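Please walk through this structure, taking its helices, its surface and its charged pairs in turn.

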Amino acid sequence: MANNSEFSSKLGIIAATVGSAVGLGNIWRFPAETQANGGAAFLLIYVVCVLFFGIPVMLGEFVIGRAGRSDAINSYKKLSPDKPWWVAGLFGVVCSYLILTFYMVVSGWTMEYLYQSITGELFRPLEGVEEGSNVQFLQRMDEYVSGVWPPMIWTWINIAVCGLILSMGVQKGIEKASNIMMPMLFVILIVLCISAMTLPKASEGLAYFFNPDFSKITPKVWISALGQAFFSLSLGMGTMITYASYFKKDTNLMQTAVTVSGIGIFVAILVGMIIFPGVMSFGLEGESFKGSTLVFVTFPEIFNRMWCPQLWSILFFTLLAVAAITSSISISEVSIAYFCDHYGMKRKMATVIVMLPLMVLGALSSLSNGVLSDMTLFGFTIFSGCDALTADVIMPLGALIMSVFLGWFAPKNLIREQLTNGGKLKGYFVAPVIFLLKWVTPIVIVIILVTSLFT
Ligand code: PHE
């Protein structure tokens with residue numbers, strides 16, 4: 001079945017698509033990955049991955065979604081009715097659901113931190129812990145994340161908020177929320193960035209972030225940067241296929257992909273320009289500031305040493321919450337669109353069917369940071385396993401299948417038709433895009449995936 005929903009304007013399309021792309025991936029995941037992978041070298045490879053793999057793959061998803069005009073699975077079925085390419089769409093639906101299980105938990109942390117910033121609790125010294133020391137925020141985070149009820153309840157609240165927006169539909173829910181939230185996000189980001197530039201060692205932080213040490217570029221950096229590029233552009237799991245099915249006939253796909261990717265890079269750079277000056281200025285580059293807790297420990301610590309900590313932390317966690325919500329709704333929409341299009345289900349019903357089991361899975365993921373932390377497989381908990389599995393394996397695989405399909409097996413004129421809107425737009429970039437999808441993207445993804453198995 002085809003869907004008949006559509007975004008109402010060009011701006012709405014950009015806001016919703018950027019809303020999907022700019023999320024916890026840029027703000028929570030990016031600085032942690034950058035720090036784990038040698039600073040500026042990682043940034044450089046990340047930008048290369050966005051330009052040469054991110055943009056073509058995003059265009060590929062746009063082509064499939066707008067031509068198929070349906071959810072991720074059915075769009076493939078429409079374009080290639082008697083071949084099993086739709087399996088790539090199925091991958092997407094499953095992968096998006098796995099992502100949601102931990103994404104909703106981290107979004108929940110964000111809301112708790114926003115709440116604690118508003119009440120001032122975040123900056124109240126913990127008893128028995130040396131005051132003014134970094135350990136304060138680390139301990140607070142550890143205790144919070146490994147707790148049972150508060151992180152679980154925030155996960156549920158977050159799922160409910162997203163469900164509410166989604167149940168209102170494509171224009172009145174997704175588009176409207178994005179139109180309000182995205183401008184807010186940019187204003188906050190720029191204010192924070194300006195204030196970070198006034199920190200005492202801002203220039204050292206910028207040097208760490210912008211001067212690459214080429215000896216640090218290893219296969220592991222490539223894998224992580226590619227995973228980060230796909231994750232932060234919402235690729236490889238049907239999100240962009242689903243959103244493109246709501247694009248208009250005259251939407252310029254190339255322009256949209258370049259704008260969204262450009263803004264994605266810009267946001268990641270701004271976030272780095274906020275965090276690394278802070279880290280350097282206050283000597284926070286120790287071991288304890290690595291991994292998934294980085295933004296929840298390092299940022300409060302930075303704010304705590306600035307004038308009016310509460311103000312900055314309210315701004316920052318609002319930013320994070322807004323980014324998380326607009327991305328969460330796009331990830332959930334992959335499954336909701338599937339139920340609506342495939343089973344002809346009403347939107348509200350589909351939303352309930354997707355969100356209710358998520359409450360259980362999200363709770364399990366949240367508990368895996370605490371009471372269920374011993375439940376591991378290959379050293380991964382439910383939470384960290386879903387993150388690594390999706391970003392480093394399933395998303396690149398999804399992108400691989402899609403580019404092989406488009407580059408080699410799809411109807412001959414499909415890409416040209418879609419990228420030029422049936423000949424109305426200039427098509428000089430069509431050949432390079434086809435070349436990248438046919439040769440470069442699949443080969444590089446295979447090399448990176450195989451290398452990752454042996455390193
Ligand atoms: N791009 C989002 C982020 O950076 C995450 C996401 C992944 C959204 C996959 C949709 C699909 O946070």
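Buried means under 20% relative accessible area, exposed means over 50%, and partly exposed lies in between, with a 1.4 Å probe and protein chains only. This is a predicted model, in which local features need pLDDT of at least 70 and side-chain atom pairs count only at pLDDT 80 or more, while totals for chains, interfaces and linings use all residues. Residues are numbered from 1 along each chain as its sequence is written, and side-chain values use heavy atoms, with hydrogens and water left out.

The helices come first. Helices are DSSP runs (H or I, at least four residues), numbered from the N terminus. Helix H5 covers residues 86-119. Because 25 of its 34 residues are buried, H5 is largely enclosed by the rest of the structure. Just after H5, Gly-120 takes a positive phi of about 90°.

Helix H18 (residues 430-454) has 25 residues and reaches 36 Å from its first C-alpha to its last, close to the expected 36 Å. H18 has a kink of about 40°, centred on Leu-436. Leu-436 is also one of the buried residues of H18, which include Val-433, Leu-437, Pro-442 and Ile-445. The buried residues of H18 pack against helix H3 (40-68), helix H10 (219-232), H16 and helix H17 (414-419), contact meaning heavy atoms within 4.5 Å. Thr-451 also lies in helix H18, but Thr-451 is partly exposed at 25% relative accessibility. Thr-451 and Pro-219 are 232 residues apart in sequence, yet 7.1 Å apart in space, C-alpha to C-alpha.

Next is a loop residue. Ser-368 sits in the loop between helix H15 (347-367) and helix H16 (382-409). With a relative accessible area of 1%, Ser-368 is buried. Leaving aside residues up to four places away in sequence, Ser-368 touches Ser-373, Thr-381, Ile-382 and Phe-383.

What about charged pairs? Side chains of opposite charge can pair when their charged atoms come close. A salt bridge is a side-chain nitrogen of Lys or Arg within 4 Å of a carboxyl oxygen of Asp or Glu, and by this rule the count comes to 7 salt bridges. Glu-121 pairs with Arg-124, the closest N and O atoms being 2.8 Å apart. Glu-121 is partly exposed at 31% relative accessibility, and Arg-124 is partly exposed at 44%. In the salt bridge of Lys-216 with Asp-213, the closest N and O atoms are 3.8 Å apart. Lys-216 is partly exposed, with a relative accessible area of 41%, and Asp-213 is partly exposed at 34%. Arg-305 forms a salt bridge with Glu-301, with closest N and O atoms 2.7 Å apart. Here Arg-305 counts as partly exposed at 36%, whereas Glu-301 is buried at 2%. Elsewhere, salt bridges that share partners join Glu-6, Arg-69 and Lys-248 into one network.

Notes
Helices (H or I, at least four residues) and strands (E, at least two) are DSSP runs, numbered from the N terminus. The expected span of a helix is 1.5 Å times one less than its number of residues. The bend at a residue is the angle between axes fitted to the seven residues ending there and the seven starting there.
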